[in-house]
Amino acid sequence: AAQRYMETATPNMGQTSITDGWIGRHLQTISPLGPGDLRALAVQSTLPRSMAGGPGALPVTDPSDFDFPGDPALAGALRGVIEETYSIAEEPLKGAASSSLGAIDLLAGVDFDGYQPANGAVYPVGSFGEGLVATAAMIKADIGLECVELDIGGWDYHSAMGPVNGTLAGMLENLSGGLSALYDDLGR
């Protein structure tokens, strides 16, 4: 319940009918920075509750490889089938299909492979660091991305955390080092 309260921003409200997340509701109230097809991205396989209801919010496990699966020669045909099928669909399916195709196009324009961090930024090794590098590449490509969610699991400790040089200390070092590298990379 506590996780749901945090992600929907409904503390002390008891049971509510609110299902959209706080980020999703925020995105509903402001104009997009870009074309609106990819406003919020969760680097995982499912959309977090905090982004639920957000226009242009998608879960993408690997932003550098968000494309049609299978033979690349069939991508055009697959896209045509999706465009034709969902052009007559009811909302929200019609808009979701169009937005997903737009997101594929936006991410295809980002040079993930050739991206080089700026200002001496050194990202931590691992999936969190890789996610931050991809985030910096997308921000610098100016594709209209407004929010990125990266998840680092494993924080649920109850004893023997090692806050100075144990497991918790290592996790905090990874988190702080990654955020510092992103800050340096973006030149902020």
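**View 1. How helices α5 and α6 run relative to each other.** Angles under 35 degrees count as roughly parallel. In this predicted model, the axes of α5 (residues 127–140) and α6 (residues 167–186) cross at roughly 20 degrees, so the two helices are roughly parallel to each other. Their axes come within 10 Å, and the crossing is right-handed.

**View 2. The residues where α5 meets α6.** From α5, the contact takes in Phe 128, Leu 132, Ala 136, Ile 139 and Lys 140. Facing them from α6 are Asn 174, Leu 175, Gly 178, Leu 179, Leu 182, Asp 185 and Leu 186. Sort these contact residues by type and you get eight nonpolar, two polar and two charged.

**View 3. A look around Tyr 123.** Leaving aside residues up to four places away in sequence, Tyr 123 touches Gly 129, Leu 132, Val 133 and Ala 136, along with Gly 178, Ala 181, Leu 182 and Asp 185. Pro 117 is another residue that Tyr 123 touches.

**View 4. The largest nonpolar core.** This core has 25 residues. Tyr 123 turns up again here, listed with Leu 38, Leu 41, Leu 107, Phe 112, Met 138 and Ile 143 as the residues with the most contacts inside the core. The elements giving two or more residues are α4 (93–108), α5 and α6; α5 gives the most, with six.

How values were computed: Residues are numbered from 1 along each chain as its sequence is written. This is a predicted model: local features need pLDDT of at least 70, side-chain atom pairs count only at pLDDT 80 or more; totals for chains, interfaces and linings use all residues. Side-chain values use heavy atoms; hydrogens and water are left out. Axes are lines fitted to C-alpha atoms, for helices over the stretch in contact, and angles run from 0 to 180 degrees between N-to-C directions. Helices (H or I, at least four residues) and strands (E, at least two) are DSSP runs, numbered from the N terminus. Angles under 35 degrees count as roughly parallel, over 145 as roughly antiparallel, 65 to 115 as roughly perpendicular and the rest as oblique. A crossing is left-handed if the near helix is turned anticlockwise from the far one by less than a right angle, and right-handed if clockwise. Contact means heavy atoms within 4.5 Å. Ala, Val, Leu, Ile, Met, Phe, Trp, Tyr, Cys and Pro count as nonpolar, Asp, Glu, Lys and Arg as charged, and the others, Gly among them, as polar. A nonpolar core is a set of buried Ala, Val, Leu, Ile, Met, Phe, Trp, Tyr and Cys residues joined through side-chain atoms within 4.5 Å. Buried means under 20% relative accessible area, exposed over 50%, partly exposed in between (1.4 Å probe, protein chains only).
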